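Have the model open beside you and try each task before reading its solution.

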Amino acid sequence: MAQDNTGLVAGPDGVMRCFWHGNLPDYLHYHDHEWGRPVADDRRLFEKICLEGFQSGLSWLTILRKRENFREAFAGFDFDKVAAFTDEDVERLVGNAGIIRHRGKIVSTINNAKRAREMVDEFGSLAAWFWKFEPGKEERPEIVDLAHLRANPTTAVSVRISKELKKRGWSFVGPTTVYAFMQAMGLVNDHLEGCVCRKEVEKDRKAFKRPK
């Protein structure tokens with residue numbers, strides 16, 4: 001599998017894509033069909049921001065391969081249900097070998113579910129809150145290349161969102177975690193220039209109805 005300084009690799013079909021999926025079938029599918037596609041579903045947004053917190057210090061592939069276990073363990077990331085989890089649930093989750101058994105991150109997810117509920121009450125949806133931070137054209141690079149991504153693991157917008165979430169009592173939502181969330185949920189299109197998915201995602205973003 002060749003990769004040059006463009007950050008692009010040829011897939012099994014010979015088509016050029018971002019390098020990071022490594023042509024692993026499940027990761028390739030995630031790259032092609034999920035990453036960067038705009039999302040307005042509150043449960044998926046909550047799931048992603050929590051799983052990005054669990055990913056901290058690990059690879060996303062590790063989390064991706066445990067995602068169904070996480071969904072089962074956390075009631076499908078229905079934050080109304082997760083917000084009602086008790087100390088007994090924490091102990092149950094700490095003992096669950098199918099997920100990342102990090103007590104702090106488990107407790108954080110339950111806390112964040114309560115904070116998510118508060119934000120829905122205030123703003124109508126998580127989607128409405130997150131999407132109001134979508135970067136404008138002036139806040140985005142003219143060309144998304146490997147050098148840009150390597151130099152920008154965070155952005156001014158991800159720092160702003162992180163600060164706002166922390167003010168609202170969220171945890172494990174640092175600027176790098178938030179930017180990874182933004183990339184995955186389509187608030188930005190960070191597929192590399194030349195990746196087959198870049199134009200597809202841009203088309204999806206243009207057709208996407210921003211939540212209000």
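**Exercise 1: The second largest pocket**

The second largest pocket holds about 250 Å³ of space. A pocket here is an open set of points on a 1 Å grid over the protein atoms alone, where a 1.4 Å probe fits, with protein on both sides within 12 Å along at least five of seven lines; a cavity is a set of such points from which the probe cannot get out, and lining residues have an atom within 4 Å of a point. Grid points are joined across faces, edges and corners, and a volume is the space filled by probe spheres set on the points.

Before you start, note that this is a predicted model, in which local features need pLDDT of at least 70 and side-chain atom pairs count only at pLDDT 80 or more, while totals for chains, interfaces and linings use all residues. Residues are numbered from 1 along each chain as its sequence is written, and side-chain values use heavy atoms, with hydrogens and water left out.

Task: find which residues lie nearest the centre of the second largest pocket, and sort its lining by class.

Solution. 
- Step 1. Of the 13 lining residues, Lys137, Arg140, Pro141, Arg198 and Glu202 lie nearest the centre.
- Step 2. Sort with this rule: Ala, Val, Leu, Ile, Met, Phe, Trp, Tyr, Cys and Pro count as nonpolar, Asp, Glu, Lys and Arg as charged, and the others, Gly among them, as polar.
- Step 3. The lining of the second largest pocket then has seven charged, five nonpolar and one polar residues.

**Exercise 2: The largest pocket**

Task: work out which helix gives the most to the lining of the largest pocket.

Solution. 
- Step 1. The largest pocket holds about 560 Å³ of space and has 24 lining residues, with Trp20, Trp35, Trp60, Ala180 and Gln183 nearest its centre.
- Step 2. Two or more lining residues come from each of helix 1 (25-33), helix 2, helix 8 (146-151) and helix 10 (175-185). Helices (H or I, at least four residues) are DSSP runs, numbered from the N terminus.
- Step 3. Helix 10 gives the most, with six residues.
- Step 4. By class, the lining of the largest pocket splits into 14 nonpolar, six polar and four charged residues.

**Exercise 3: The cavity**

Task: say how many cavities of 30 Å³ or more the structure holds, and which helices supply at least two residues of the lining of the largest cavity.

Solution. 
- Step 1. There is one cavity of 30 Å³ or more, and the largest cavity holds about 50 Å³ of space.
- Step 2. Its lining includes Ile49, Cys50, Lys105 and Thr109.
- Step 3. Helix 2 (42-55) and helix 6 (103-123) each supply at least two lining residues.
- Step 4. Five residues of this lining are nonpolar, five are polar and one is charged.

**Exercise 4: How helix 2 packs**

Task: decide how helix 2 is oriented to helix 6 and to helix 3.

Solution. 
- Step 1. Axes are lines fitted to C-alpha atoms, for helices over the stretch in contact, and angles run from 0 to 180 degrees between N-to-C directions. Angles under 35 degrees count as roughly parallel, over 145 as roughly antiparallel, 65 to 115 as roughly perpendicular and the rest as oblique.
- Step 2. The axes of helix 2 and helix 6 come within 10 Å and cross at roughly 150 degrees, so helix 2 is roughly antiparallel to helix 6.
- Step 3. Contact (heavy atoms within 4.5 Å) between these two helices involves, among others, Phe46 and Phe54 of helix 2 and Ile106 and Ala113 of helix 6.
- Step 4. The axes of helix 2 and helix 3 (residues 60-73) come within 10 Å and cross at roughly 130 degrees, so helix 2 is oblique to helix 3.
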